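Please keep the structure at hand while reading.

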Amino acid sequence: MTKNFSNANPQYRDSVFRDYFNDKVRLLSLCNALLDTNYTDPESVEINTLPGNFFSAQKNDLSCRIGNNILILAEHQTSINPNMAFRCLSYAVQLLNNMITNKESLYRDELVIFPAPQCFVFYDGDDAEPLTKEIRLSDSFYPCKNKPELVVTSFNINFGLNQPLLKKCSFLNDYSTLIGKVKQGMKEKLSRRQAIIQAVNWCIKSGVMTDYLTRKRDEVFSMLDLQWDFDEAKAAWGKQVKESIAQKMIDDGEPFEKIRKWTELPLEHIKELAQKINSAKGEIE
């Protein structure tokens, strides 16, 4: 069963989230949960995810149109990106532009009516995050009157939390369970590979995503393994950037609390960096 996984094929670029919900039945359930609607026909969902590739940050994880709404769904593995509202704005502009068949209509004296963008983040990282919070585009601008606004609603869907959205959408709850079981295995000191295998086998036996995991077992192994690799690389890169900023601020004599606020590094870590920098200066002098 695991022989194909042992040579995980890097061609599986999609995350399990995107692949699992790239299905109109599951996506319809998620749309109804997010919008408090009761659509029943899966064909009412039009998937319109933007094209891209593994290295293109412009591709949104998943988006669709249903009724008068465009849903932009973005999954995060490790941390909430405070720039998510701006990113969703860029996705929304592209999606809306794609709907205009005649660009000249924008210059006529008749108002063009668009579906309303609805933007969501599903967080399953390891940091403490509220069950629900809002990320606002207006926070990205300097103070002024009439700042543009777009609100992204972030849901913490970590396994074991009392997240109401998971109760409204069984498919999202199943996804949360799978990821939670992988994390549980890793906390038990299993290798990442063994944790994924154990989690997938547990879910299949327990009736969680059973049909999907049975059909796509090896692909799921590869996607999860690749996703964790990518997340770890992003985390390492992010830490290096934050430390570089902190070092520059330390050199400029900025207060530790200000450095902590800007870099989100632990205060003790900032003090250790400062001590190393000061020691290095002392050796040079």
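Is Lys-271 buried, partly exposed or exposed? In this predicted model, Lys-271 has a relative accessibility of 36% and therefore counts as partly exposed.

**Salt bridges within a helix**

- The side chain of Lys-271 meets that of Glu-268 in a salt bridge with an N to O distance of 3.9 Å, and both residues belong to helix H10 (residues 267–284), where they stand three residues apart, about one turn of the helix.
- Glu-268, the partner of Lys-271, counts as exposed because its relative accessibility is 52%, which lies over the 50% cut-off.
- In helix H9 (residues 256–263), Arg-260 and Glu-257 are likewise three residues apart, about one turn of the helix, and the closest N and O atoms of their salt bridge are 2.5 Å apart.
- Arg-260 counts as partly exposed at 33% relative accessibility, and Glu-257 counts as partly exposed at 42%.

- Asp-225 and Arg-192 form a salt bridge through their side chains, at 2.9 Å from N to O.
- Because Asp-225 lies in helix H8 (residues 217–251) and Arg-192 in helix H6 (residues 192–206), this pair ties together parts that are 33 residues apart in sequence.
- Both Asp-225 and Arg-192 are buried, which means that each has under 20% relative accessible area.

Technical notes
Residues are numbered from 1 along each chain as its sequence is written. This is a predicted model: local features need pLDDT of at least 70, side-chain atom pairs count only at pLDDT 80 or more; totals for chains, interfaces and linings use all residues. Side-chain values use heavy atoms; hydrogens and water are left out. A salt bridge is a side-chain nitrogen of Lys or Arg within 4 Å of a carboxyl oxygen of Asp or Glu. Helices (H or I, at least four residues) and strands (E, at least two) are DSSP runs, numbered from the N terminus. Buried means under 20% relative accessible area, exposed over 50%, partly exposed in between (1.4 Å probe, protein chains only).
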